[in-house]
Amino acid sequence: MKKIGILFGQERSFPNALVERINAKNVKGIQAEPATIDKVIQAAPADYAVLIDRISQDVPFYRAALKNAAISGTAVINNPFWWSADEKFFNNALAEKIGVPVPKTVLLPSKEQPDDTTAESFSNLAFPLDWEGIFSYVGFPAFMKPYAGGGWKNVYKLDSADDFFRAYSETGQLVMMLQEAIDFESYFRCYCIGGKYVRIMHYEPRNPHHLRYAAQHNVSAEMMKTLEEYVLRLNQALGYDFNTVELAIRDGIPYAIDFCNPAPDADLNSVGKDNFEWVVETMATYAIERAQAHKDGKDNLTWGSFIRNAAAGQ
Ligand SMILES: Nc1ncnc2c1ncn2[C@@H]1O[C@H](COP(=O)(O)OP(=O)(O)O)[C@@H](O)[C@H]1O
Ligand SMILES: [Mg+2]
């Protein structure tokens with residue numbers, strides 16, 4: 001029996017629907033359940049062929065437990081090693097290297113010194129920073145947001161240098177990035193599963209929360225193909241099994257805005273009935289594929305082309 005476990009936090013609609021859908025498919029030798037994590041002993045295999053992680057971003061204990069499961073063969077969705085390694089700023093740099101347009105972005109040192117550091121800890125950092133150079137590269141309006149963040153937390157839209165310094169002074173020890181604002185004509189949020197299944201959802205971030213997925217943009221079939229191609233390219237390079245990519249189109253060019261969402265929102269109430277049906281059905285299919293491909297005791301993780309190329313010395 002190959003078991004598929006779903007590890008989740010406060011969310012309810014997606015994990016339960018996923019367990020039910022996998023089991024309803026009645027695939028011989030495969031069974032899904034909410035995961036149980038009990039004592040975690042080094043190098044001891046987990047009871048699961050596949051573990052779908054929806055929560056380790058908030059629970060470091062789970063992240064470490066998932067790495068331990070992975071080394072003994074569990075196919076963890078998403079790869080907990082890569083998820084621990086990347087962040088939005090690095091991912092923007094990677095996007096540039098693989099030819100996906102991204103807004104101009106700079107990384108900023110945290111406004112306040114991290115705990116247990118002093119001014120001496122920063123003797124390698126230019127002071128003051130070349131703010132003029134930063135502002136003239138990024139331009140205004142600009143967005144400032146955490147380099148590793150999610151859920152729209154601490155995201156600022158800024159119109160001027162004054163605005164920037166006011167907002168920056170509120171950011172404490174967060175490492176932020178400053179990013180060109182894309183004044184878009186249309187916006188899309190795209191699920192990507194298994195580096196191959198894509199659902200492009202029309203989205204309007206300027207609408208109130210409950211109406212964001214109610215948008216309908218008028219774009220050509222050719223543009224939809226380009227969006228899909230960028231979504232696949234990003235996820236295959238990063239190695240995410242489950243992720244969303246947000247794309248904003250300005251002057252006919254799609255810019256990737258946010259593509260580091262390895263526990264993407266899949267709640268029925270926010271994504272709506274049709275998108276929910278797609279994500280439950282597609283994830284069920286994919287989790288079964290991974291359980292069937294699972295090889296006992298081997299590395300069953302997905303590694304993106306960035307890491308695979310590095311390991312191959314390319
Ligand atoms: N560079 C940008 N240009 C235009 N809109 C942006 C930009 N960056 C962020 N936004 C808007 O802010 C929202 C939140 O930013 P995002 O990068 O998605 O952060 P989070 O990971 O917290 O969701 C986006 O959905 C988008 O509407
Ligand atoms: Mg986002």
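In what order do the four strands of the antiparallel open sheet stand? The order is β5-β8-β6-β7. This is a predicted model, in which local features need pLDDT of at least 70 and side-chain atom pairs count only at pLDDT 80 or more, while totals for chains, interfaces and linings use all residues. Residues are numbered from 1 along each chain as its sequence is written, and chains are lettered from A and ligands numbered from 1 in the order in which they are written. Helices (H or I, at least four residues) and strands (E, at least two) are DSSP runs, numbered from the N terminus.

**The antiparallel sheet**

- Two strands pair if DSSP finds at least two bridges between them. With that in hand, β6 (142–146) and β7 (156–158) run antiparallel and are joined by three bridges.
- On this pairing, F143 sits opposite K157 in β7.
- β6 also runs antiparallel to strand β8 (residues 176–180), this time with five bridges.
- Here F143 has Q179 in β8 as its bridge partner, and M144 has L178.
- Axes are lines fitted to C-alpha atoms, for helices over the stretch in contact, and angles run from 0 to 180 degrees between N-to-C directions. Touching goes by contact, where two residues qualify if their C-beta atoms, placed from the backbone, lie within 7 Å.

**The parallel sheet**

- A second topic is the open sheet of four strands with parallel pairing, ordered β2-β1-β3-β4. Its edges are β2 (30–34) and β4 (75–77), each with a single partner strand, so each has one side left without a neighbour in the sheet.
- From one strand to the next, the twist averages 20 degrees.
- Strand β1 (residues 2–7) pairs with β2 in the parallel sense over five bridges, and K2 has I30 in β2 as its bridge partner.
- Helix α1 lies across β1 and β2 and runs at about 165 degrees to β2.

**Where α1 meets α9**

- α1 (residues 13–24) and α9 (residues 273–293) pack at an angle of about 55 degrees, and their axes are 9 Å apart.
- That angle makes the two helices oblique to each other. On this scale, angles under 35 degrees count as roughly parallel, over 145 as roughly antiparallel, 65 to 115 as roughly perpendicular and the rest as oblique.
- On the α1 side the residues are F14, A17, L18, R21 and I22, and they meet V280, E281, M283, A284, A287 and I288 in α9.
- By class, the α1 contact with α9 has nine nonpolar, no polar and two charged residues. Ala, Val, Leu, Ile, Met, Phe, Trp, Tyr, Cys and Pro count as nonpolar, Asp, Glu, Lys and Arg as charged, and the others, Gly among them, as polar.

- Most residues other than glycine have a negative phi, and most peptide bonds are trans.
- F127 and P128 are joined by a cis peptide bond with omega at about -10 degrees. P128 is in the loop between β5 (105–108) and α5 (131–138).
- Another cis bond runs from F140 to P141, with omega near 0 degrees, and P141 is in the loop between α5 and β6.
- W152 is not a glycine, yet its phi is positive at about 65 degrees. W152 sits in the loop between β6 and β7 and is exposed, with 10 other C-beta atoms within 10 Å. (A residue is buried if 20 or more other C-beta atoms lie within 10 Å of its own, exposed if 12 or fewer, and partly exposed in between; C-beta atoms are placed from the backbone.)
- D251, also not a glycine, has a positive phi of about 50 degrees. D251 is in the loop between β11 (242–250) and β12 (253–258) and counts as exposed, with 8 C-beta neighbours inside 10 Å.
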